[in-house]
Amino acid sequence: MSSIYLLHKPYRMLSQFTDRRSAGETPRATLAEILDVPGVYAAGRLDYDSEGLLLLTDDGTLIQRISDPRHKQPKTYRVQVEGNPDENALAALRQGIELNDGRTRPAKVRRLASSGLPERTPPLDPKRHPVTTWLELTISEGRNRQVRRMTAHVGYPTLRLVRVAIGPWRLDGLAPGNWRRETLHAPRNTPRRSPRRQGGHR
């Protein structure tokens, strides 16, 4: 039996509990500010300027299973991009595009009428970004800043990126900075979810 913590990482927060900054650098927010559970580590990461679902556990085997690209856990993101992507751009994302570290696997992509997410703090400046579009992308890879590089490659830079799902785990119902705990009743090499259990919220 293992516990897994689903956390909504806010914008401009590190996906770790300490900030290994150099002397004189401005301190950055860390997970220690919103989750006080000893011995847990993130399974994968989100960039400092990205938001959304982060999974944490003290089960090393489970961390490996979630984060290892060989297991191809699909990850779904809601992405606000500059401009209004045309169908050629969306088709390129769906087919896979050539980045400097190789061709991406085909992604699932669809337009969204709205994000269904709370506004970011601080929000985007509409004067600087008057035309934006929300997309939902699902990928089965985990390259560095992959989604941002993909949308930039087809001509529509990412302005905001929020991960909403990793495999069977979803962000649903979690506000930024909040978390919940779930218990997995299964052998460690084949984790399955139990009915949802609510953990602490901050």
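I looked up the order of elements first: from the N terminus the chain runs β-β-β-α-β-α-β-β-β-β-α-β-β-β. That makes three helices and 11 strands, taken as DSSP runs numbered from the N terminus (H or I of at least four residues for helices, E of at least two for strands).

I note that this is a predicted model, in which local features need pLDDT of at least 70, side-chain atom pairs count only at pLDDT 80 or more, and totals for chains, interfaces and linings use all residues. Residues are numbered from 1 along each chain as its sequence is written, and side-chain values use heavy atoms, without hydrogens and water.

I checked the overall dimensions next. The C-alpha trace spans about 45 × 40 × 35 Å along its principal axes. The radius of gyration is 17 Å, which agrees with the value near 17 Å for a compact globule of 202 residues; it is taken over C-alpha atoms, and the globule rule is 2.2 Å times the number of residues to the power 0.38.

I then looked at burial. Of the 202 residues, 49% are buried (under 20% relative accessible area, with a 1.4 Å probe and protein chains only).

I turned to helix H1, residues 60–67, where Leu 62, Ile 63 and Ile 66 are buried. Down the axis of H1 the buried residues fall within an arc of 105°, so they line one face of the helix; the arc is that of the directions from the helix axis to the C-beta atoms. I find these buried residues packed against several strands, including E1 (2–9), E3 (51–57) and E9 (158–166), with contact meaning heavy atoms within 4.5 Å.

Note on methods. Buried < 20%, exposed > 50% of the residue type's maximum accessible area, 1.4 Å probe, protein only.
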